[in-house]
Amino acid sequence: MAEPMELLCWGGDWDLPSVHTDSLIVLAYAKFSGAKLAVKSIDWSWRTITASVPQLHCEGSTVTEPTQILNFLRKRRFNADYELTAKQGADTMAYIALLEEKLRPALLHTFWVDAENYANLTRPWFTSHSPFPLNFFVPGRQASLALSRILLTKAESPLLNITEVEGKIYSEAKECLNLLSHRLGNFHFFFGDTPTSLDAFVFGHIAPLIKAPLPSGQLQKHLNQLDNLCQFCNTILKNYFTDASAEKRMDCSPTATHDPVDANLQKLTQLVNKESNLIEKMDDNLRSSPQHRPHRHETKPLALAGERNLTPP
Amino acid sequence: MSLAAEAFVSQIAAAEPWPENATLYQPLKEAQILLSDSASSLAVQTFLRMCGLPVLVSCRANAEYMSPSGKVPFIHVGNQVVSELGPIVQFAKAKGHSLSDGLDDVQRAEMKAYMELVNNMLLTAELYIQWCDDYTATEISRPRYSSPYSWPLNHILAYQKQWEVRRKMNAIGWSGKSLEQVYEDVSQCCQALSQRLGTQPYFFNKQPTELDALVFGHLFTILTTQLSNDELAEKVKSYTNLLSFCHRIEQTYFKEHDRESQSGSSRHSKGSLP
């Protein structure tokens with residue numbers, strides 16, 4: 001059972017193990033289900049134009065597309081959805097359809113069609129991660145695929161122009177993000193305390209949007225206002241992906257003290273965060289207490305409301 | 001329509017009550033309409049009946065071209081024309097008729113998610129079977145789609161539509177799928193719907209919502225339409241609670257009206273549900 005399975009995917013940047021949504025979905029699911037994957041990035045190789053990423057190689061067979069790869073892993077007993085009820089399994093399918101239909105067009109637009117983002121972020125990144133002479137072709141091909149997908153699925157006859165479709169797809173995407181936020185509520189993951197395939201799909205879609213330094217990102221701004229989704233993304237990165245980056249650091253400089261140093265640093269950061277939360281809560285309480293001049297509380301309601309919004313829940 | 005125009009239209013819509021002469025347009029029932037269009041049209045009709053809004057069904061050969069978005073069905077209410085279930089639901093809501101008011105935010109999120117599931121899987125599968133499967137396209141879809149037109153227009157329009165649908169399938173990655181895989185996807189979608197429905201009368205317990213209308217539209221059409229083989233209908237029939245769900249909605253919303261109006265509801269079908 002311990003044959004190494006090899007996954008081909010795009011490389012990582014901006015604190016993420018991969019910048020490509022589908023690759024992130026597979027990586028996250030592998031972490032959740034405990035599958036050991038040997039991750040090979042296709043950067044700087046001819047595979048950037050020949051392979052359809054992500055691709056799983058195992059014992060001679062090749063599987064592409066996230067849903068197929070997840071099915072394959074499940075058949076191999078790497079199942080993160082084991083504890084879901086039938087209804088939750090049905091909900092998973094429904095929410096994945098929602099993501100694909102409403103969020104993906106807007107993500108494709110943000111990264112590949114929006115002129116500023118494409119010119120300043122996406123194209124340079126993909127060009128620098130492709131070998132010569134493919135770096136001239138790879139980003140352009142992806143961009144045209146993204147544009148045609150958006151136009152064919154979302155543009156109906158009076159909306160043949162991409163600018164008119166933009167408004168529609170962004171409003172649908174914002175609605176979709178709001179719906180996800182409502183569904184997640186205050187929980188760590190979508191179905192209780194353990195992550196499942198739905199968490200992998202949501203993570204794969206929203207992580208690039210949160211972490212990428214987009215020059216013009218109205219969707220990113222909207223997402224940053226949804227605290228629980230950002231928290232969700234950071235939790236997964238912290239719990240499932242930082243050990244990977246810590247291992248990488250260990251590989252480059254073989255000193256065993258780095259691992260406990262990182263762990264200590266994490267604990268310290270958490271303590272400092274908790275302290276600052278406590279201090280802010282105390283500050284809030286002091287401000288709203290009756291001893292603290294009440295007329296000031298009435299004359300500056302907006303300022304206090306602004307401060308309340310800033311304090312984390 | 002741009003967002004500002006949509007908001008403006010819904011303001012105007014809110015001003016008037018639902019008129020008596022609202023009309024729903026769809027392609028010709030006997031000769032022209034295809035599975036996917038019939039399903040969408042039935043979904044809209046079911047939704048309007050659930051809201052208690054009267055609508056006359058009018059069959060036109062050029063319904064697709066009259067529609068503002070190019071998709072059928074569309075309704076003509078007062079001096080406004082609205083097409084597709086999503087905008088029609090919003091339009092009805094602007095006029096004060098809504099089925100999903102009693103749902104809280106999480107339930108509404110679930111309802112939207114399930115509606116997307118049906119659109120994503122069932123509707124796309126129907127389109128695939130109609131236009132990307134060569135046998136069905138040649139024997140059924142192309143002849144039916146172009147039946148009102150004479151040569152050479154019928155060939156041109158049929159092939160144009162087929163090419164358009166195949167391009168869309170290519171863009172979303174369905175062109176690599178085989179027919180078996182598509183049937184498997186339909187089966188999984190039905191399984192998800194069946195598990196969500198459970199033993200409840202409707203998807204959100206006591207009251208029907210637009211999700212019930214959409215699911216009924218698609219499932220009923222699949223069950224009662226004759227295609228080249230019955231495999232699609234068999235997939236749906238294997239889920240008994242979905243079958244009884246369809247029966248229940250047919251009994252509640254269609255049988256009494258049919259008895260009252262005595263309109264010959266002859267469909268391109270094997271009759272009512274088995």
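This is a predicted model: local features need pLDDT of at least 70, side-chain atom pairs count only at pLDDT 80 or more; totals for chains, interfaces and linings use all residues.
Trainee: Why is the pair Glu116(B) and Lys102(A) called a salt bridge?

Mentor: The closest N and O atoms of Glu116(B) and Lys102(A) are 3.5 Å apart, and the cut-off for a Lys nitrogen and a Glu carboxyl oxygen is within 4 Å, so the pair counts as a salt bridge. Between chain A and chain B the count is three salt bridges.

Trainee: Which helix of chain A gives the most to the side that touches chain B?

Mentor: On that side, α4 (86-113), α6 (138-154) and α7 (162-184) of chain A each supply at least two residues, and α4(A) gives the most, with twelve residues. By class, the side of chain A that touches chain B has eleven nonpolar, six polar and nine charged residues.

Trainee: How do you know what area is buried between chain A and chain B?

Mentor: The buried area is the accessible area that the two parts lose on being put together, summed over both, so the value of about 2400 Å² belongs to chain A and chain B together. Carbon and sulfur atoms give 62% of that area, and the contact takes 26 residues from chain A and 28 residues from chain B.

Conventions:
Residues are numbered from 1 along each chain as its sequence is written. Chains are lettered from A and ligands numbered from 1 in the order in which they are written. Side-chain values use heavy atoms; hydrogens and water are left out. Contact means heavy atoms within 4.5 Å. Buried area is the accessible area (1.4 Å probe) that two parts lose on being put together, summed over both. A salt bridge is a side-chain nitrogen of Lys or Arg within 4 Å of a carboxyl oxygen of Asp or Glu. Helices (H or I, at least four residues) and strands (E, at least two) are DSSP runs, numbered from the N terminus. Ala, Val, Leu, Ile, Met, Phe, Trp, Tyr, Cys and Pro count as nonpolar, Asp, Glu, Lys and Arg as charged, and the others, Gly among them, as polar.
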